[in-house]
Amino acid sequence: MAELRKVFYQTIAELMKKDDRVVYLDADLAGALGTAELFREFPRQAFDLGIMEANMIGVGAGMSIKGKIPFVHTFGPFASRRVADQTFLAGCYNDANLKIIGSDPGITAETNGGTHMPFEDMGIYCAYPNITIMDVAEPYLLREVIRQMASSWGVQYIRFQRKEGEAYYGGDEKIQIGRGNIVREGNDITVIACGIEVAWALKAAEKLAEENIQARVVDMFTIKPLDAELVLRCARETGAVVTAENHNIHGGLGSAVAEVLAENCPVPFKRVGVKDRFGEVGSKAFLADKFEISEKYIEKAVRDVLKRKTGK
């Protein structure tokens, strides 16, 4: 277990030290993300724009056009809903090189409650041309993705929780933005998950294995562009698919996978996600059960889909 905000701080500081084009912009939440020290370490590369998120997107996009590599941060709802038009126009339409960090997505906002609990951020951005969308909740994965973001062009949105992320990578796996990773093999069904749901999918798979149900688990940390090739390979090899996401079932991972399957390889399929609801105050564990996205609901979805697959 490692705090993802510490991983982000260490990685971004490393990048800023190596390349003075890398800059960090924050909307008065550097203390929350643990990046406040960057202002002292890199006074010419780190800037607090205050509680003016839309302006921050515009400033970051402008800096990118002048050759900088800007990482801009605020909480998930403010990095999506509040800046939707600026991201579209100054970012995507302008083909800017803008890296947007939306922290504490979905239920990981916990006691900040419904106003700060984005279940729609990926859905908003999925319709934008020229954007990459990622959901990450693992320390090694976050480090590798942030490094790749700095060396690749375009508007990229990444959502991750600030606190502890469960490790399920060994530290030497190949990570590539736009490609999913099989993190557990299985032949009966595939669970395609992203963000915090990957660790829960792995736990669900362990319990299902006790019933001789072998569930393959895919970490689909890039939602757009989706790794359609891997989705179809898993669908053909296992004959059934479940998706799991810390997001509304509309507009996120489940929707993206459903489109690929419907057009290319229809198999028994079910989405685990928030069913078109607003967030509320609570702990992550409480909210995971409240919104039916915890590991037991992944297990239930697997059993339901397998009944359709086998006809039993």
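Biologist: Which residues lie nearest the centre of the largest pocket?
Modeller: Gln161, Glu164, Gly165, Ile196 and Lys284 do, among 15 lining residues. This is a predicted model, in which local features need pLDDT of at least 70 and side-chain atom pairs pLDDT 80 or more, while totals for chains, interfaces and linings use all residues. Residues are numbered from 1 along each chain as its sequence is written, and side-chain values use heavy atoms, without hydrogens and water.
Biologist: How is a pocket defined here?
Modeller: On a 1 Å grid over the protein atoms alone, a pocket is an open set of points where a 1.4 Å probe fits, with protein on both sides within 12 Å along at least five of seven lines; lining residues have an atom within 4 Å of a point.
Biologist: What classes make up the lining?
Modeller: The lining of the largest pocket has 6 nonpolar, 3 polar and 6 charged residues, with Gly counted as polar.
Biologist: Turning to β13, is that strand buried or exposed?
Modeller: 8 of the 8 residues of β13 (241-248) are buried, so the strand is largely enclosed by the rest of the structure. Buried means under 20% relative accessible area (1.4 Å probe, protein chains only).
Biologist: Which strand does β13 join over 5 bridges?
Modeller: That is β14 (residues 269-274), and the two run parallel; pairing requires at least two DSSP bridges. Ala244 stands opposite Val272 in β14.
Biologist: And which residue of β13 is opposite Ala193?
Modeller: Ala244 is. β10 (residues 189-193) pairs with β13 in the parallel sense over 4 bridges.

Definitions and conventions. Buried means under 20% relative accessible area, exposed over 50%, partly exposed in between (1.4 Å probe, protein chains only).
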